[in-house]
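Here is a quick briefing for anyone opening this one up for the first time. Have a look at the picture, then read on for the main points.

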Amino acid sequence: MNVNPAKIALVLLVVTVLPLTPSSTMQVGLSEKVLVFPYETDFSFVALIPQKEMALRAFTLCMRVATELPEERQIILFAYRTADYDELNVWREKDGRVSFYMSGDGAFFHLPPLSTFRTSLCLTWESRAGLAAFWVDGKRSTYQVYKPGHSIRPQGTILLGQDPDKHLGGLEALQSFVGEVTDLNMWDFVLSRSMIQAWHYKHKVPKGNIFDWATMEYELNGNVMVVDDD
């Protein structure tokens, strides 16, 4: 029987380091659903299990996100951490810029502000030249060159809603996400402009081979709600 090593690592680490609430159980698939993080907490998060190991030299990460938190409030949008490093963290910074970090200093972008209305947000990066860009509602930012030659390491844990300052620990309410997330997908390659625009308009695109919202395995913890995408 084939067993996903990432799944084993996630379950063991969550169980041994962060006690789960009695209601937390592994679930599958979020098609036509929205994750709602209604409150600022230091205990509410969603753990995601990738379909393959996160040993990456390129990726496209997309999600639709909405928040009413003020721009001066830092927000974690996506967190992937191994034992010693923040392998891939995506933030809205206190100055309103959107950033991402891979094992060290980050890359910062001036983007249209996140708001109560849903934003289609994608991030692309590839190791060969280090080209990185955010995409907002199908429109690309200016490219930045960030960490050419770098590789993202596998065997970590992916969370939505919280930033673990150590491996599944050190959660802070003032960095937590409050708002809605839906349609999160991730690929281990850079999608073309036409594919990102098609995803924005909800046209058919290749299923994410790391995360596919419709078939994603996930675990709810704390005050996170799954509601219909009306």
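Predicted model: local features only at pLDDT ≥ 70, side-chain atom pairs only at ≥ 80, totals over all residues.

In what follows, Ala, Val, Leu, Ile, Met, Phe, Trp, Tyr, Cys and Pro count as nonpolar, Asp, Glu, Lys and Arg as charged, and the others, Gly among them, as polar. Residues are numbered from 1 along each chain as its sequence is written, and side-chain values use heavy atoms, with hydrogens and water left out.

**The cavity**

- A cavity here is a set of points on a 1 Å grid over the protein atoms alone where a 1.4 Å probe fits but cannot get out, and lining residues have an atom within 4 Å of a point.
- Searching the whole structure turns up one cavity of 30 Å³ or more.
- The largest cavity has a volume of about 30 Å³, where volume is the space filled by probe spheres set on the points, and grid points are joined across faces, edges and corners.
- Its lining is made up of Leu61, Met63, Val90, Leu121, Cys122, Leu123 and Phe134.
- Strands, labelled E, are DSSP runs of at least two residues, numbered from the N terminus.
- E4 and E9 each give at least two residues to the lining of the largest cavity, and E9 has the largest share with three residues.

**The pocket**

- A pocket, unlike a cavity, is an open set of points with protein on both sides within 12 Å along at least five of seven lines.
- The largest pocket holds about 420 Å³ of space.
- It is lined by 20 residues, and those closest to its centre are Arg64, Asp183, Asn185, Trp199 and Trp213.
- The lining of the largest pocket splits into six nonpolar, five polar and nine charged residues.
- Strand E14 (residues 179-187) brings the largest share of that lining, four residues.

**The disulfide**

- A disulfide is a pair of cysteine sulfur atoms within 2.5 Å, and by this rule there is one disulfide.
- Cys62 and Cys122 are the partners, with an S to S distance of 2.0 Å.
- The pair ties together distant parts of the chain: Cys62 sits in strand E4 (residues 58-66) and Cys122 in strand E9 (residues 119-126), 60 residues apart.
- The torsion about the S-S bond of Cys62 and Cys122 is about 110 degrees, so the disulfide is right-handed.
- Buried means under 20% relative accessible area, exposed over 50%, and partly exposed in between, using a 1.4 Å probe and protein chains only.
- Cys62 is buried at a relative accessible area of 0%, and Cys122 is buried at 1%.

- Two strands pair if DSSP finds at least two bridges between them.
- Eight bridges link E4 to E9, and the two run antiparallel; Val65 stands opposite Thr119 in E9.
- E4 also runs antiparallel to E14, with six bridges between them, and Arg64 has Thr182 as its bridge partner in E14.

**The eight-stranded sheet**

- Eight strands make an open, antiparallel sheet in the order E1-E15-E3-E13-E5-E6-E7-E8.
- Strand E1 (26-28) and strand E8 (106-109) stand at the edges with a single partner strand each, so one side of each has no neighbour in the sheet.
- Neighbouring strands of this sheet are turned by 20 degrees against each other on average, direction ignored, with axes being lines fitted to C-alpha atoms.
- E5 (residues 75-81) and E6 (residues 86-92) run antiparallel, joined by six bridges, and a hairpin of four residues connects them.
- Along this pair, Tyr80 stands opposite Leu88 and Ala79 has Asn89 as its bridge partner.
- Six of the seven residues of E6 are buried, so this strand is largely enclosed by the rest of the structure.
- Four bridges join E6 to strand E7 (residues 98-101), again antiparallel, and Arg92 stands opposite Val98 in E7.
- The hairpin of E6 and E7 has five residues between the strands, and in it Gly96 takes a positive phi near 90 degrees.

Key. Axes fitted to C-alpha atoms, helices over the stretch in contact; angles between N-to-C directions.
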